[in-house]
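Me: Please take a close look at a single part of this structure for me. Keep it brisk, and start with the chain around it.

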Number of protein chains: 2
Amino acid sequence: MHAELQLDNQVCFRLYTAARLVTQAYTPMLTELGITYPQYLVLMVLWEKDCQPVNDIAHRLMLETNTVTPLLQRMEKLGIISRKRGEQDKRQHIVSLTAKGREMEQKAYDLIPTGMSEQLASCPLKLEDYQRLVQELDSIINTFKK
Amino acid sequence: MHAELQLDNQVCFRLYTAARLVTQAYTPMLTELGITYPQYLVLMVLWEKDCQPVNDIAHRLMLETNTVTPLLQRMEKLGIISRKRGEQDKRQHIVSLTAKGREMEQKAYDLIPTGMSEQLASCPLKLEDYQRLVQELDSIINTFKK
DNA sequence: ATAATTTATATCGCAAGCGATTTATTCCTA
DNA sequence: TAGGAATAAATCGCTTGCGATATAAATTAT
């Protein structure tokens, strides 16, 4: 029996589980918006800076283009983004928000912070715990990013 | 521009990214074992206690049976677990390790702690940071679990 | 300038993850 | 004890995530 191989001793299993559960907590609000969590991430990237090539979005989310491309194709079908070939560099696909995609920012703002803080009410973590958590997660991300 | 909706302010995005990256860090060792990360989680559950019904494994991993059942079917095909109907309760499928599945514990022990600590060498977090991180993640998991 | 290389994106195939539904068995209850 | 509710597991359909590969455009080297 190797203690190192016990589930209870695994940071990774906790990250994996916490990520799944917190993502699930977003689901009711995101369903109301008609999108998924990864689609919401793409929207946050574009709300911050519209008109970006696929690669920039992928880098920002630390995902591969083979994940992001189909995600964007589905979002295009939903009418929340549009894609057009880059003018200087025709290999690029420039992704921009449609009016619908832009309007979703306000709806998200109305639903998500409230919805999440209700669910977080029973969480014992304080503001400074979250701040430290964010730093620790950033350390882990920086350690393992390529 | 809503600061609440910026990627940089999101704990969830960090959890999602850290979980993906740390899971990827396991991949080289797990590939050598011929399994995936979720399959490794199932093995850890069974190494700790062999012969469990599908539901107990799913609860331990906080996953639904509709995720775990196909995972177990793939593991059965790989020859690392076997499934048989429960004797008292014929609805259950009791999952047990094969000889191959049992032998993988030692191989995992030889590969994974070493492989991970090599990769973690450049991580600035100390033992006490990990211990606190584990507690914070457990708080989050407890807040959001069903 | 032409060929080789690199870069941007897309496509393919497979494993997860999960909501919704189905099937089989067991439990409970009238 | 017959019938309905609850439970265990499986199936279906869809999205994501990713390794491997393909395609097309741009860059570079010869």
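Reply: This is a predicted model. Start with chain A as a whole. Of its contacts with a separation of 6 or more, 48% join residues 24 or more positions apart. Chain A has six helices and three strands. Along the sequence they run α-α-β-α-α-β-β-α-α. The C-alpha atoms fill a box of roughly 60 × 35 × 25 Å along the principal axes. Of the 146 residues in chain A, 48% are buried.

Now pick one part: helix H3 of chain A, residues 54-61. Which of its residues are buried? They are Val54(A), Ile57(A), Ala58(A) and Leu61(A). Look down the axis of H3(A): the buried residues fall within an arc of 100 degrees, so they line one face of the helix. An α-helix has 3.6 residues a turn, so residues three or four places apart point the same way.

What covers that buried set? Within chain A, the cover includes helix H2 (37-48) and strand S1 (52-53). Helix H4 (65-77) and strand S3 (93-97) of chain A are also among the covering elements. Chain B takes part too, through its helix H1 (11-33). Then follow the chain out of the helix. Just after H3(A) comes Met62(A), with a positive phi of about 55 degrees.

Definitions and conventions: Residues are numbered from 1 along each chain as its sequence is written. Chains are lettered from A and ligands numbered from 1 in the order in which they are written. This is a predicted model: local features need pLDDT of at least 70, side-chain atom pairs count only at pLDDT 80 or more; totals for chains, interfaces and linings use all residues. Side-chain values use heavy atoms; hydrogens and water are left out. Helices (H or I, at least four residues) and strands (E, at least two) are DSSP runs, numbered from the N terminus. Buried means under 20% relative accessible area, exposed over 50%, partly exposed in between (1.4 Å probe, protein chains only). Contact means heavy atoms within 4.5 Å. The arc is that of the directions from the helix axis to the C-beta atoms.
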